[in-house]
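I opened my notebook for a first look at this model. Here is what I looked up, entry by entry.

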Amino acid sequence: MDIKNTVNFIPKTETVEKYIKEINKYPVLSPGEEADLFAKYDAAATEQEKTEIRNKIITSNLRLNLSLANLYGNEDILPDLIDVGTIGMFEAFDNYDHS
């Protein structure tokens, strides 16, 4: 079976283009804004607040993830590198000493 002839096939370049359009919706934070968010994270009273702050910090750094993936990959493995990098950002956030 030729996978390129199936209805659900999306070329990887199209997937990456959609990803780029999506991450451009999130503003890049200045170092001061990021420090403020980490302080708010540490002071947050509920898990919902912490999750929202965590997601804001991570989504604002997705362009960094894309830049690093571009350095180490080609068109064939770029989506995989982006996925692994995103997972790594979540793990790094959880292990980061916010103080």
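Before anything else, I noted the cut-offs for exposure: a residue is buried under 20% relative accessible area, exposed over 50%, and partly exposed in between. I also reminded myself that this is a predicted model.

**Entry: salt bridges**

I looked up the salt bridges and found a count of three.

I began with Glu-22, which has a relative accessible area of 35% and is therefore partly exposed. Glu-22 forms a salt bridge with Lys-25, and their closest N and O atoms are 3.2 Å apart. Lys-25 has a relative accessible area of 58%, so I wrote it down as exposed.

Next I turned to helix α1, residues 12-23, where Glu-14 and Lys-18 both lie. They sit four residues apart, about one turn of the helix, and they form a salt bridge with the closest N and O atoms 3.7 Å apart. Glu-14 is partly exposed at 35% relative accessible area, and Lys-18 is partly exposed at 48%.

Then I came to Arg-54 and Asp-94, whose side chains meet in a salt bridge at 3.2 Å, N to O. This pair links distant parts of the chain, with Arg-54 in helix α3 and Asp-94 in helix α5, 40 residues apart. Is Arg-54 buried or exposed? Its relative accessible area is 19%, so Arg-54 counts as buried. Asp-94 has 49%, so I noted this residue as partly exposed.

**Entry: a nonpolar patch**

I went over the surface next and found a nonpolar patch formed by Leu-64, Leu-68, Leu-71 and Tyr-72. Together they have about 480 Å² of accessible area. I picked out Leu-68, which is found in helix α4, residues 62-72. With a relative accessible area of 41%, Leu-68 is partly exposed.

**Entry: the largest pocket**

How much space lies in the largest pocket? I read off about 310 Å³. There are 16 residues lining this pocket, and the closest to its centre are Asn-61, Leu-64, Gly-85, Met-89 and Ala-92. I had already met Leu-64, as a member of the nonpolar patch.

I then checked which helices take part in the lining. At least two residues each come from α2 (31-43), α3 (47-60), α4 and α5 (78-95). Sorted by class, I have twelve nonpolar, three polar and one charged residues in the lining of the largest pocket.

Technical notes: Residues are numbered from 1 along each chain as its sequence is written. This is a predicted model: local features need pLDDT of at least 70, side-chain atom pairs count only at pLDDT 80 or more; totals for chains, interfaces and linings use all residues. Side-chain values use heavy atoms; hydrogens and water are left out. Patches are made of residues with over 30% relative accessible area and no salt bridge: like charges are joined within 9 Å, nonpolar side chains (Val, Leu, Ile, Met, Phe, Trp, Tyr) within 5 Å. Accessible areas come from the Shrake-Rupley method with a 1.4 Å probe; for residues, only the protein chains shown count as cover. A salt bridge is a side-chain nitrogen of Lys or Arg within 4 Å of a carboxyl oxygen of Asp or Glu. Buried means under 20% relative accessible area, exposed over 50%, partly exposed in between (1.4 Å probe, protein chains only). On a 1 Å grid over the protein atoms alone, a cavity is a set of points where a 1.4 Å probe fits but cannot get out, and a pocket is an open set with protein on both sides within 12 Å along at least five of seven lines; lining residues have an atom within 4 Å of a point. Grid points are joined across faces, edges and corners, and a volume is the space filled by probe spheres set on the points. Ala, Val, Leu, Ile, Met, Phe, Trp, Tyr, Cys and Pro count as nonpolar, Asp, Glu, Lys and Arg as charged, and the others, Gly among them, as polar.
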